[in-house]
Amino acid sequence: AVVSTQSTGEVLCCFMYAQYSKYGEKRIRDCLVVVSNYMIYICKTGEEKPKLRSRHNLSQLRHLDIGLNYQHFRLEWESSDAAYKILVADREKCQNFLETLTLALSPGTSVSQVSTSTASAINELVFA
């Protein structure tokens, strides 16, 4: 389902329940990650309804790191205090979400790094 906001032209692309950890914090929290064609919203859950924790422009996304076997991913924006690890623990769910996220990125988005951790890369580090 696609939800459109007429006044701003913002369109909801996807959402996912997961857990997150903000860079510099040790605490892991339940969250709802919402992606539109302009923004990513991170909402805390566990209360009656999700509460907005932060929002970031997709156009300012700089790094997208995908964890081993698509169990998690890290998002980092231009702002030094805007980096999150999203813990999914479900390969298919994570992969589907990331496919939709990358489709939502506009051609003008300047993600400087998209990286993945593979089993072979981990084996090279551990067994080298």
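Predicted model: local features only at pLDDT ≥ 70, side-chain atom pairs only at ≥ 80, totals over all residues.
Biologist: Is V34 buried or exposed, and at what relative accessible area?

Modeller: V34 lies in strand β3, where strands (E, at least two residues) and helices (H or I, at least four) are DSSP runs numbered from the N terminus. Buried means under 20% relative accessible area, exposed over 50% and partly exposed in between (1.4 Å probe, protein chains only). V34 therefore counts as buried, with a relative accessible area of 15%.

Biologist: What pattern does the protein chain follow along the sequence?

Modeller: The protein chain has 2 helices and 9 strands. Of its 128 residues, 34% are buried. Contacts between residues 24 or more positions apart account for 44% of those with a separation of 6 or more. Read along the sequence, the pattern is β-β-β-β-β-β-β-β-α-β-α.

Biologist: Where in the protein chain is confidence lowest?

Modeller: The chain averages a pLDDT of 81, and 78% of the residues score at least 70. Confidence is highest in strand β3 (residues 29-36), at 94. Over residues 122-128 pLDDT stays under 50, and the model has 2 contacts there beyond four places in sequence. The lowest mean, 46, belongs to residues 119-127, helix α2.

Biologist: What is the volume of the largest pocket?

Modeller: On a 1 Å grid over the protein atoms alone, a pocket is an open set of points where a 1.4 Å probe fits, with protein on both sides within 12 Å along at least five of seven lines; lining residues have an atom within 4 Å of a point. Grid points are joined across faces, edges and corners, and a volume is the space filled by probe spheres set on the points. For the largest pocket, the volume is about 150 Å³.

Biologist: Which residues of the lining lie nearest the centre of the largest pocket?

Modeller: The lining has 13 residues; β2 (11-22), β7 (72-77) and β8 (83-87) each supply at least two. By class, the lining has 5 nonpolar, 3 polar and 5 charged residues, with Ala, Val, Leu, Ile, Met, Phe, Trp, Tyr, Cys and Pro counted as nonpolar, Asp, Glu, Lys and Arg as charged, and the others, Gly among them, as polar. Nearest the centre lie Y23, R74, E76, A83 and Y84.

Biologist: Which side chain is joined to that of Y84 by a polar contact of 2.8 Å?

Modeller: Y84 is in strand β8 and, because its relative accessibility is 1%, counts as buried. Beyond four places in sequence, its contacts include Y20, S21, I42, S54 and W77. A polar contact is a pair of N or O atoms within 3.5 Å; within protein, one must be able to donate a hydrogen and the other to accept it, and residues adjacent in sequence count only if both atoms are side-chain atoms. The partner of the Y84 side chain at 2.8 Å is S54.

Biologist: How far is the backbone oxygen of E25 from a polar atom of the side chain of S21?

Modeller: S21 is in strand β2 and is buried, at 15% relative accessible area. Among the residues that S21 touches beyond four places in sequence are R27, I28 and Y84. From its side-chain polar atom to the backbone oxygen of E25 is 3.3 Å.

Biologist: What is the phi of N69?

Modeller: N69 is in the loop between β6 (61-66) and β7, and is partly exposed at 40% relative accessible area. Y70, in the loop between β6 and β7, has a positive phi near 55°. N69 is not a glycine, although its phi is positive, at about 55°.

Terms used
Residues numbered from 1 in each chain as written. Heavy atoms only, no water. Contact = heavy atoms within 4.5 Å. pLDDT = per-residue confidence, 0-100.
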